[in-house]
Amino acid sequence: MLNLPLFSTTKKIENHFLRGAEVVLYHGDISRFLATIPDHTVQLIITSPPYNLGKEYENRISIEAYLERQTQVIAQLYRVLKNEGSICWQVGNFVDDGEVYPLDILYYQIFKRLNLHLRNRIIWHFGHGLHASKRFSGRYETILWFTKSDEYVFNLDSVRVPSKYPGKRHFKGPNKGKPSGNPNGKNPSDVWEVLLKDWEQELWDIPNVKANHPEKTIHPCQYPVELAERCVLALTNEGDWVLDPYAGVGSSMIAAQMYNRRAMGSEKESQYVEIARERIHSLWNGTLTTRPIGKPVFVPTGKEKVSQVPEEWRTTTERRLLDRKSKYK
Ligand SMILES: C[S@@+](CC[C@H](N)C(=O)[O-])C[C@H]1O[C@@H](n2cnc3c(N)ncnc32)[C@H](O)[C@@H]1O
């Protein structure tokens, strides 16, 4: 097993693919980058592609043209993927004129045509986001996890989570009386509760901390490092290559480097490349703060100012009761 030194100051970020490199961050188009990578190199491809929503880093085109473009990229990703490798494709919805097109449904056929095997459709759920007024507000996105073959890496033990009832015992059969669970915890399942942004929790306690939080960057669609961490741990081994073709500010690459996996990514916007480089360097010198994997999502106690019903929404009776309460405190 490879044991690469973590937080080493001698580590370097290469601009172009080099077989012996540890981190490669390519500034430019994914197709050009993929053309430099040999077949069967990468163990895990994990990404959140552009959704064709007209964000600042994309030109909105027809959904057909968008999917056709992605089909070309995915064919190249398939070529560089190792036989025992995996693809984790994180998507939400494309929305046109108020109509919702779930991107995972549209992408599914592209992967199936390449004979990839779907292992999970993971739902990751988050508590905050835009409030819709003509449909229910969206509070989840999905990750399609495909493998290239039936011989794939799946390290379940490295991603187990604490069981709710570890004290449960078999009540009959040859193991009667013995603990029925796994001492390392339970399978995390295909529904993950994750904070959409690592800095969200602080919003409850210190309004406006958002702008100062170390995890906050200028990227409009940054995903939590925690999301990529679980995939990296479960689907790769130390020393393997992890590729994010749409690297953004480097969240997947950070997750890979946290666990001694080699990281490569391409990103066309120079400002995001710069931030990704800075974040990777901060990880190496120990100053990058990320939310610990599996940390329970914050539940407000009701005492926080923001979780109380505003004074002006209260009925006269409620107000009178509250006044009386505070009088006799
Ligand atoms: C949804 S964002 C990914 C964000 C990333 N997961 C993170 O946490 O920072 C998609 C990214 O793909 C980049 N992108 C779009 N088309 C690209 C292309 N053809 N080649 C390389 N990067 C591209 C965009 O600039 C954007 O930063």
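The shell of residues around the ligand divides into 8 nonpolar, 6 polar and 5 charged. The model that shows this is a predicted one. In number, 19 residues surround the ligand, and the closest are Ile 30, Tyr 57, Tyr 246, Gly 248 and Ser 251.

Strands of a sheet pair through backbone hydrogen bonds, either parallel or antiparallel. Here 9 strands form an open sheet with mixed pairing, in the order S1-S2-S11-S10-S3-S4-S8-S7-S9. Strand S1 (13-14) and strand S9 (191-193) are at the edges with a single partner strand each, so one side of each has no neighbour in the sheet. Within the sheet, strand S3 (residues 42-47) and strand S10 (residues 241-244) run parallel and are joined by 2 bridges. In one of these strands, S10, Leu 243 is the bridge partner of Ile 45.

Two helices can now be placed against the sheet. Helix H7 (residues 270-284) lies across S1, S2 and S11, at about 165° to S2.

Two packed helices are described by the angle between their axes and the distance between the axes. For H6 and H7, the axes come within 10 Å and cross at roughly 20°. An angle under 35 degrees counts as roughly parallel, so H6 is roughly parallel to H7. The crossing of H6 past H7 is right-handed. On the H6 side the contact is made by Met 253, Ile 254, Gln 257 and Met 258, and on the H7 side by Ala 276, Arg 279, Ile 280 and Leu 283. By class, this contact of H6 with H7 comprises 6 nonpolar, 1 polar and 1 charged residues.

H6 has a further helix to consider, H5 (residues 225-235); the axes of H5 and H6 come within 8 Å and cross at roughly 50°. That angle makes H5 oblique to H6. H5 also passes H6 in a right-handed crossing. From H5, the residues making the contact are Val 225, Ala 228, Glu 229 and Val 232, while H6 contributes Ser 251, Ser 252, Ile 254, Ala 255, Ala 256 and Met 258. The classes in the contact of H5 with H6 are 7 nonpolar, 2 polar and 1 charged.

This returns the reader to Ser 251, which is among the residues closest to the ligand and takes part in the contact of H6 with H5.

How values were computed. Residues numbered from 1 in each chain as written. Predicted model: local features only at pLDDT ≥ 70, side-chain atom pairs only at ≥ 80, totals over all residues. Pairing = 2+ DSSP bridges. Helix = DSSP H or I, 4+ residues; strand = E, 2+ residues; numbered from the N terminus. Contact = placed C-beta atoms within 7 Å. Axes fitted to C-alpha atoms, helices over the stretch in contact; angles between N-to-C directions. Parallel < 35°, antiparallel > 145°, perpendicular 65-115°, else oblique. Left-handed = near helix turned anticlockwise from the far one by under 90°. Nonpolar A, V, L, I, M, F, W, Y, C, P; charged D, E, K, R; others polar. Near = placed C-beta within 6 Å.
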